[in-house]
Amino acid sequence: MSKNTVGIIGTGNVGMAAAYALFQRQIASSLVLVDKDPRRAEGEAMDLMHGQALVGRVTVRAGDYADLAGCGVIVICAGVGQKPGETRLDLLNRNAAVFREIAEQLDRNAPEAVLVIATNPVDILTTVMQRLSKRPPEAVIGTGTMLDTSRFRALLGEHYDVNPRSVHAYILGEHGDSEVAIWSSASIGGLPIMGHEISCKPFDAGAMERIFQQVRGAAYDIIARKGYTNTAIGLVIAYLVRVILEDQKSVLPVSVDPAGIYGIEPGLCLSIPCVVGSRGVECRVPPEVSEQERAGLHASAAVLRGGLEGMEI
């Protein structure tokens with residue numbers, strides 16, 4: 001099987017948004033869909049395949065773990081939902097059990113693949129997969145705050161009326177309520193946002209805080225309206241997969257063990273900018289941060305460490 005083949009485990013809303021983005025952009029030559037409900041995976045594969053005449057040849061098929069042999073990248077979107085009355089720890093332990101089975105199957109059938117974790121809570125489950133899998137931890141990457149950073153840049157671009165691709169700003173730490181906006185290095189066209197007029201707009205601290213709150217609350221706002229989030233994270237996954245397959249060595253805010261960066265003790269995953277290529281994470285590229293931002297990242301790590309406590313890994 002070609003290294004340009006991508007496997008997706010879990011064909012729910014996020015998994016299929018990722019599959020659609022990969023298919024529509026022809027990022028992979030072949031997609032293999034794996035789900036605990038094989039008939040659903042078959043139906044999704046058939047549905048996508050029928051669009052080839054409009055997009056180009058990208059084969060899509062349903063399969064099982066053995067069919068993932070030779071995949072270059074495998075995206076994990078599988079997980080279980082919370083039952084009524086279930087504690088967060090019980091839910092995490094059930095998801096850890098799911099990941100244990102996935103890790104065993106992937107180590108047996110696709111030991112060379114880079115794993116992209118998209119199931120929430122993504123930082124904790126990336127940590128879980130790094131502990132369970134026999135592959136190097138650099139080959140297990142969480143989508144982390146790539147989505148939060150995209151939201152951040154989009155809203156800053158809207159505020160300043162510039163293309164978001166011209167905005168350079170990060171959300172780091174947890175993909176969740178303790179995430180941290182790194183204002184100290186945020187810039188547009190090389191000009192720092194903090195304290196400067198950009199695109200004929202003076203710096204407005206209140207507006208910047210509102211933008212960050214919009215970013216942090218975006219998932220809640222979207223879920224309140226449509227019940228789930230899937231489209232933007234599907235694009236994030238497709239972007240990350242392309243970076244890996246093409247060995248782009250792009251710098252992305254992905255969820256990895258910080259390895260002592262910013263004084264954060266190793267043993268958990270959170271988002272910091274990393275060079276990502278065909279082997280996964282190649283090195284970490286931490287920007288300079290203010291003391292307040294550093295404290296925020298330590299608080300984020302503490303939240304995640306607390307989430308890992310008591311888990312059966």
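Tutor: Buried area is the accessible area (1.4 Å probe) that two parts lose on being put together, summed over both. This is a predicted model, where local features need pLDDT of at least 70 and side-chain atom pairs count only at pLDDT 80 or more, while totals for chains, interfaces and linings use all residues. Residues are numbered from 1 along each chain as its sequence is written, and side-chain values use heavy atoms, with hydrogens and water left out.

Student: How much area do domain 1 and domain 2 bury between them?

Tutor: Start with the bounds, which come from an automatic or database domain assignment. Domain 1 covers 5-142 and domain 2 covers 145-308. Of the area buried between these domains, 68% is on carbon and sulfur atoms. The total is about 2500 Å².

Student: Which three residues supply 22% of the area that domain 1 buries against domain 2?

Tutor: No other three residues of domain 1 supply more of that area. They are Ile 27, Asp 123 and Ile 141.

Student: How many salt bridges are counted between domain 1 and domain 2?

Tutor: A salt bridge needs a side-chain nitrogen of Lys or Arg within 4 Å of a carboxyl oxygen of Asp or Glu. Between domain 1 and domain 2, the count is 0.

Student: Which residue does UniProt list for "active site", and where is its place?

Tutor: The UniProt entry is unreviewed, and it lists His 175. UniProt positions are given in the numbering used here, feature names are shortened, and annotations may be inferred rather than shown by experiment. Helices (H or I, at least four residues) and strands (E, at least two) are DSSP runs, numbered from the N terminus. His 175 lies in the loop between β8 (171-172) and β9 (180-181).

Student: Which residues is His 175 in contact with?

Tutor: Contact means heavy atoms within 4.5 Å. Neighbours within four places in sequence are left aside. For His 175 that leaves Asn 120, Val 122, Asp 123, Gly 144, Thr 145 and Asp 148.

Student: Is Cys 269 buried or exposed?

Tutor: Buried means under 20% relative accessible area, exposed over 50%, partly exposed in between (1.4 Å probe, protein chains only). Cys 200, at 71% relative accessibility, is exposed. Cys 269 has 1% relative accessibility, so it counts as buried.
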